[in-house]
Amino acid sequence: QVQLAESGGGSVQAGGSLRLSCVRSGDTYTSYCMAWFCQAPGKQREWVAKIDRQGSTSYVDSVKGRFTISQDNAKSNLYLQMNSLEPEDSAMYYCAARLPFLSTYDYWGQGTQVTVSS
């Protein structure tokens, strides 16, 4: 059973940076497609960034040029480098994994809180 565990959240001032990490454990399959989602209070969970098994990345428009998604060579650690943070980025951030031939993310972490003050 795949398990995901996020860390690295915290409280920063606008313009600051955070690096989120997500450790995947429970199996040795390395071809998951991975993504970061966020959910602010009272809002739906939304996609932030994703990386496929070939390493291609995509971002929601609001974070392009500020956030970078990456993973280590073993593909067991996922990262989200968050720069130039804005108060609107405040949310719970989740990492998620899906099998490459499926469209839905079936594996989720517990989340890590990011709070950006103005």
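## One disulfide

Let's start with the cysteines: counting a disulfide as a pair of cysteine sulfur atoms within 2.5 Å, this structure has one disulfide. Before going on, note that this is a predicted model, in which local features need pLDDT of at least 70 and side-chain atom pairs count only at pLDDT 80 or more, while totals for chains, interfaces and linings use all residues. Residues are numbered from 1 along each chain as its sequence is written, and side-chain values use heavy atoms, with hydrogens and water left out.

Which residues does the disulfide join? The partners are Cys22 and Cys95, with 1.9 Å from S to S. Cys22 sits in strand β3 (residues 18–25) and Cys95 in strand β9 (residues 91–98), so the bond ties together parts that are 73 residues apart in sequence. Strands here are DSSP runs of E with at least two residues, and helices are runs of H or I with at least four, numbered from the N terminus. The torsion about the S-S bond is about 45°, so this disulfide is right-handed.

## Cysteines and burial

Is Cys22 buried or exposed? Cys22 is buried, and Cys95 is buried too. Buried means under 20% relative accessible area, exposed means over 50%, and partly exposed is in between, using a 1.4 Å probe and protein chains only.

Cys33 is in no disulfide, and its nearest cysteine sulfur, that of Cys95, is 14 Å away. Cys33 is buried, at 6% relative accessible area. Cys38 is in no disulfide either, with the sulfur of Cys95 again the nearest, at 13 Å. Cys38 is buried as well, at 8% relative accessibility.

## The nonpolar core

A nonpolar core is a set of buried Ala, Val, Leu, Ile, Met, Phe, Trp, Tyr and Cys residues joined through side-chain atoms within 4.5 Å. The largest one has 29 residues, and Trp36, Val48, Leu80, Met82 and Tyr93 touch the most other members. Several strands contribute at least two residues each, among them β4 (33–39), β5 (46–51) and β8 (77–82). Strand β9 gives the largest share, four residues.

## Salt bridges

Side chains of opposite charge can pair when their charged atoms come close. Here a salt bridge is a side-chain nitrogen of Lys or Arg within 4 Å of a carboxyl oxygen of Asp or Glu, and the whole structure has four. One of them pairs Arg24 with Asp27, whose closest N and O atoms are 2.8 Å apart. Arg24 is buried, at 8% relative accessible area, whereas Asp27 is partly exposed, at 29%. Another bridge pairs Lys64 with Asp61 at 3.0 Å, N to O, and Asp61 is exposed, at 61% relative accessibility.

Asp89 and Arg66 also form a salt bridge, at 2.8 Å from N to O. This pair links distant parts of the chain, 23 residues apart: Asp89 is in the loop between β8 and β9, and Arg66 in the loop between β6 (57–59) and β7. Both Asp89 and Arg66 are buried. Together with Glu86, Arg66 and Asp89 make up a network of salt bridges.

## The largest cavity

Where is the largest cavity lined? Its lining residues are Arg24, Tyr29, Thr30, Tyr32, Met34, Gln71 and Lys75. On a 1 Å grid over the protein atoms alone, a cavity is a set of points where a 1.4 Å probe fits but cannot get out, and lining residues have an atom within 4 Å of a point. The largest cavity holds about 40 Å³ of space, where a volume is the space filled by probe spheres set on the points, joined across faces, edges and corners.

Terms used:
1 Å grid on protein atoms, 1.4 Å probe; cavity = no way out; pocket = protein on both sides within 12 Å on 5 of 7 lines; lining within 4 Å.
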